Amino acid sequence: MEITRLSSKGQIIIPKTIRAAHHWDAGMEFIVEERDGNLVLRPLKPFPVTRLEKGLGCTGYQGSPKSLEEMDKGIAESLRQCWSKNKKR
């Protein structure tokens with residue numbers, strides 16, 4: 001357990017070991033919440049906002065968009081094939 005102190009300006013130093021463990025650097029912003037008499041700090045946007053289109057490129061899929069049902073069907077079929085191969089071993 002670490003101990004810290006509130007400054008006259010209302011600032012609290014978060015101990016270095018905790019900052020390092022969470023990868024919190026100077027300038028990091030937090031949401032401060034009060035819950036059941038306790039203060040909770042949550043990083044405000046720990047990851048940059050991205051658009052769906054930017055993430056889709058990593059899949060390598062170039063065809064037309066698929067519905068959720070089509071994706072579920074494809075996943076189920078792939079699992080069946082995988083299980084069939086494992087049963088033959």
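Biologist: In what order do the elements of the chain run from the N terminus on?

Modeller: Bear in mind that this is a predicted model. The chain holds 3 helices and 2 strands, and read from the N terminus on, their order is α-β-β-α-α.

Biologist: What does the radius of gyration of the chain say when it is set against the globule rule?

Modeller: The C-alpha atoms fill a box of roughly 65 × 35 × 25 Å along the principal axes, and of the 89 residues 2% count as buried. For 89 residues the globule rule gives 12 Å, and the radius of gyration lies well over that value, so the chain is more spread out than a compact globule, with a radius of gyration of 24 Å.

Biologist: How many bridges join strand S1 to S2?

Modeller: Strand S1 covers residues 30-35, and S2 covers residues 38-43. Within the pair, Val32 of the chain stands opposite Leu41 in S2. The two strands run antiparallel, and the number of bridges that join them is 6.

Biologist: Which residue takes a positive phi in the hairpin of S1 and S2?

Modeller: The hairpin has 2 residues between its strands, and the residue in question has its place in the loop between S1 and S2.

Biologist: What is the geometry of the pair formed by the rings of Trp24 and Phe30?

Modeller: The count of aromatic pairs comes to 1. The ring centres of Trp24 and Phe30 are 4.8 Å apart and the planes stand at 80°; since planes over 60 degrees apart fall in that class, the pair is edge-to-face.

Biologist: Which residues are linked with Glu33 in a network of salt bridges?

Modeller: The side chains of Glu33 and Arg35 meet in a salt bridge with an N to O distance of 2.6 Å, and Glu33 also forms a salt bridge with Arg42, where the closest N and O atoms are 2.8 Å apart. Glu33 is partly exposed at 21% relative accessibility, as is Arg35 with a relative accessible area of 42%, while Arg42 counts as partly exposed at 35%. The residues linked with Glu33 in the network are Arg35 and Arg42.

Biologist: How far apart are the closest N and O atoms in the salt bridge of Glu77 with Arg80?

Modeller: The count of salt bridges comes to 3. Glu77 and Arg80 both lie in helix H3, 3 residues apart, which is about one turn of the helix. Glu77 is partly exposed with a relative accessible area of 35%, and Arg80 counts as partly exposed at 45% relative accessibility. The closest N and O atoms of the two are separated by 3.4 Å.

Biologist: What is the area of the nonpolar surface patch that includes Leu79?

Modeller: Leu79 lies in helix H3, residues 68-88, and is partly exposed with a relative accessible area of 39%. The patch is made by Leu68, Met71, Ile75, Leu79 and Trp83, and its area is about 540 Å².

Biologist: What separation is found between the C-alpha atoms of Pro48 and Ile3?

Modeller: Pro48 is found in the loop between strand S2 and helix H2 (52-56), where it is exposed with a relative accessible area of 67%. Pro48 and Ile3 are 45 residues apart along the chain, and their C-alpha atoms are separated by 31 Å.

Conventions. Residues numbered from 1 in each chain as written. Predicted model: local features only at pLDDT ≥ 70, side-chain atom pairs only at ≥ 80, totals over all residues. Heavy atoms only, no water. Phe/Tyr/Trp six-rings, centres within 6.5 Å; stacked < 30°, edge-to-face > 60°. Helix = DSSP H or I, 4+ residues; strand = E, 2+ residues; numbered from the N terminus. Buried < 20%, exposed > 50% of the residue type's maximum accessible area, 1.4 Å probe, protein only. Patch = residues over 30% accessible without salt bridge, like charges linked within 9 Å, V, L, I, M, F, W, Y side chains within 5 Å. Areas by Shrake-Rupley, 256 points an atom, 1.4 Å probe, with all protein chains shown as cover. Salt bridge = Lys/Arg side-chain N within 4 Å of Asp/Glu carboxyl O. Pairing = 2+ DSSP bridges. Rg over C-alpha atoms; globule rule 2.2 N^0.38 Å.
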